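Morning, everyone. I have one model to walk through today. Please take a look at it before I start.

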Amino acid sequence: MDYERIDGPDGLEIRVPRNEDYRTCSVCRGDCEPESEAVDGIGVRIMFVCPEHGAQSIVDPFSDLR
């Protein structure tokens, strides 16, 4: 998979897929807003949330490092 590299907090590099379908709402086809979420024992995930229809996808920015 091809990733876009984004500067994150504290100088960390965040990678998200270049194909932007993950950030499109499946109901209204609108653009979703990213929200980061840290979970103990699992790591960091980025959720893409439609303001009207809720969470649409979750991206693991470090999945290619495992």
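S4 and S5 form a hairpin, and three residues sit between them. Strands here are DSSP E runs of at least two residues, helices are H or I runs of at least four, and both are numbered from the N terminus. Two strands pair if DSSP finds at least two bridges between them.

A word on provenance. This is a predicted model, where local features need pLDDT of at least 70, side-chain atom pairs count only at pLDDT 80 or more, and totals for chains, interfaces and linings use all residues. Residues are numbered from 1 along each chain as its sequence is written, and side-chain values use heavy atoms, leaving out hydrogens and water.

Back to the strands. The protein has five strands and zero helices. The order from the N terminus is β-β-β-β-β. S4 and S5, residues 54-59, run antiparallel and are joined by five bridges. Ile46 has Val59 in S5 as its bridge partner.

On to S3, residues 33-39. S3 pairs with S4 in the antiparallel sense, over seven bridges. Glu33 stands opposite Val49 in S4. The S3 and S4 hairpin also has three residues between its strands, and Gly41 there takes a positive phi near 85 degrees.

Now the core. Which residues make up the largest nonpolar core? There are nine: Ile14, Val16, Tyr22, Cys25, Cys32, Ile46, Phe48, Cys50 and Val59. S4 gives the largest share, three residues. By nonpolar core I mean a set of buried Ala, Val, Leu, Ile, Met, Phe, Trp, Tyr and Cys residues joined through side-chain atoms within 4.5 Å. Buried is under 20% relative accessible area, exposed is over 50%, and partly exposed is in between, with a 1.4 Å probe and protein chains only. In soluble globular proteins, nonpolar side chains tend to be buried together. Across the protein, buried residues make up 27% of the 66.

Take Phe48. Leaving aside neighbours within four places in sequence, Phe48 contacts residues including Tyr22, Cys32, Pro34, Ser57 and Val59. Contact means heavy atoms within 4.5 Å.

Ser57 deserves a stop. Ser57 lies in S5. Is Ser57 buried or exposed? Ser57 counts as buried because its relative accessible area is 17%. A polar atom of the Ser57 side chain lies 2.4 Å from the backbone oxygen of Tyr22. Beyond four places in sequence, Ser57 touches Tyr22, Arg23, Ile46, Met47 and Phe48.

Compare Glu37, in S3. Glu37 is partly exposed, at 39% relative accessible area. With residues up to four places away not counted, Glu37 touches Gly43, Val44 and Arg45. Glu37 and Cys50 are 13 residues apart in sequence and 16 Å apart in space, C-alpha to C-alpha.

Last, the pocket. The lining of the largest pocket has 16 residues, with Pro9, Ile14, Ser36, Val44 and Ile46 nearest its centre. S2, S3 and S4 each supply at least two lining residues. S3 provides the largest share, four. A pocket, on a 1 Å grid over the protein atoms alone, is an open set of points where a 1.4 Å probe fits, with protein on both sides within 12 Å along at least five of seven lines; lining residues have an atom within 4 Å of a point.

One figure for scale. The C-alpha trace spans about 35 × 25 × 20 Å along its principal axes.

Notes
A polar contact is a pair of N or O atoms within 3.5 Å; within protein, one must be able to donate a hydrogen and the other to accept it, and residues adjacent in sequence count only if both atoms are side-chain atoms.
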